[in-house]
Amino acid sequence: MTTGQAVVVGATGTLGAAIVNRFTGRGVPVVAVARDSAALGQLASGASLITACAADIADDSAIERIGAALTGPVRIAVFAPGLGAHGSVDSIRPRALAEAAEIKLGGLVRLLRAVRDRLTSGSRFVAFAGSLGAEPKPHTAVQGAVNAGVFNLMRQIADRYGPLGVTTHVIAPGPVDSPRLRALVTSAARERGTSFEEVWQQYQREPSRGALPTVAEVAWAVELLLDPEAAVLHGGVLTLDGGVRRGLL
């Protein structure tokens, strides 16, 4: 496995911060990327292995900003920004689809452009797509449509970079017990005219193991990609949903 830095986009989010902590716990230096300079400062405070990089991944200026923060080979780059728009096709702003695509699709390309010259054989390029891109739900129109595009784009990146020894990985965690999911449930309950508790219980009943995945469990799975044996997962999707999906493939 190559040595070098990690890059985490969306580093100040609940999941991103957990991934940063996993990497630094393994002694891997991290370039932490997010828009909020104050939150980045708090994340990096007292942590010698974290380099704060304030950049808006929805803007092309992020390419130069991230690139300037790198000092050596990139061992693993993780694209984990969240989307804030919730609602069905009846309630979302149509423009929200384009705004989300600028973050999740345009942003994915920007991250690749920022790190590609520092990727070496054994490097990992990782993106979160979420299960909604494969199994859409009616109250998550934006997440479903845009994450489907991430699945497609990552297949293209796999074909281009796999022959160079760079492996690509899509993380599809499904609903994760997190503040973001609770915001989505709140929005869904409001649109349906029901209670938060009713919608939340529906989510809790979906995993066949009887519990939603946690942030810590998902971050653990991302850390596994640091191991050299993880190269065999190239081009695939890590489904981390606790048994929500029932499809055979």
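Two strands pair if DSSP finds at least two bridges between them. Helices (H or I, at least four residues) and strands (E, at least two) are DSSP runs, numbered from the N terminus. These legends describe a predicted model, in which local features need pLDDT of at least 70 and side-chain atom pairs count only at pLDDT 80 or more, while totals for chains, interfaces and linings use all residues. Residues are numbered from 1 along each chain as its sequence is written, and side-chain values use heavy atoms, with hydrogens and water left out.

**View 1. Strand β1 pairs with β2 in the parallel sense.** Let us begin with these two strands. One place to look is V9, whose bridge partner in β2 is V33. β1 also pairs with β4, again in the parallel sense, over 5 bridges. Here V7 stands opposite A77 of β4.

**View 2. β1 is covered on both faces.** Q5, V7 and V9 lie on one side of the strand, with A6 and V8 on the other, and all of them are buried. Buried means under 20% relative accessible area, exposed over 50%, and partly exposed in between (1.4 Å probe, protein chains only). Because 5 of the 5 residues of β1 are buried, the strand is largely enclosed by the rest of the structure.

**View 3. β2 is a mostly covered strand.**

**View 4. β1, helix α1 and β2 form a right-handed β-α-β unit.** Helix α1 is made of residues 14-25. The chain then crosses from β2 to β3 through helix α2 (residues 37-44), and this β-α-β crossover is right-handed too. A crossover is right-handed if, with the strands pointing away from the viewer, the path from the first strand over the helix to the second runs clockwise.

**View 5. F196 and W200 make a stacked pair of rings.** The structure holds 1 aromatic pair. The ring centres of F196 and W200 are 5.8 Å apart and the planes meet at 10°, so the pair is stacked. F196 is partly exposed, at a relative accessible area of 26%, whereas W200 is buried, at 8%.

**View 6. S88 sits in the loop between β4 (74-79) and α4 (94-115).** Although it is a loop residue, S88 counts as buried, with 8% relative accessibility. Not counting residues up to four places away in sequence, S88 touches P138, H139, A141 and E191. Contact means heavy atoms within 4.5 Å.

**View 7. A231 lies in the loop between α8 (215-224) and β7 (236-239).** This alanine is partly exposed, and its relative accessible area is 34%. Leaving aside neighbours within four places in sequence, A231 is in contact with R124 and T167. The C-alpha atoms of A231 and F151 are separated by 18 Å, and the two residues are 80 apart along the chain.

**View 8. Stepping back, the protein has 8 helices and 7 strands.** Its radius of gyration is 18 Å, close to the 18 Å that the globule rule gives for 249 residues, so the protein is as compact as a globular protein of that length. The radius of gyration is taken over C-alpha atoms, and the globule rule is 2.2 Å times the number of residues to the power 0.38. Along its principal axes the C-alpha trace spans about 50 × 40 × 35 Å. Of the 249 residues, 49% count as buried.

Methods. Rings of Phe, Tyr and Trp (its six-membered ring) pair if their centres lie within 6.5 Å; planes under 30 degrees apart count as stacked, over 60 as edge-to-face and the rest as tilted.
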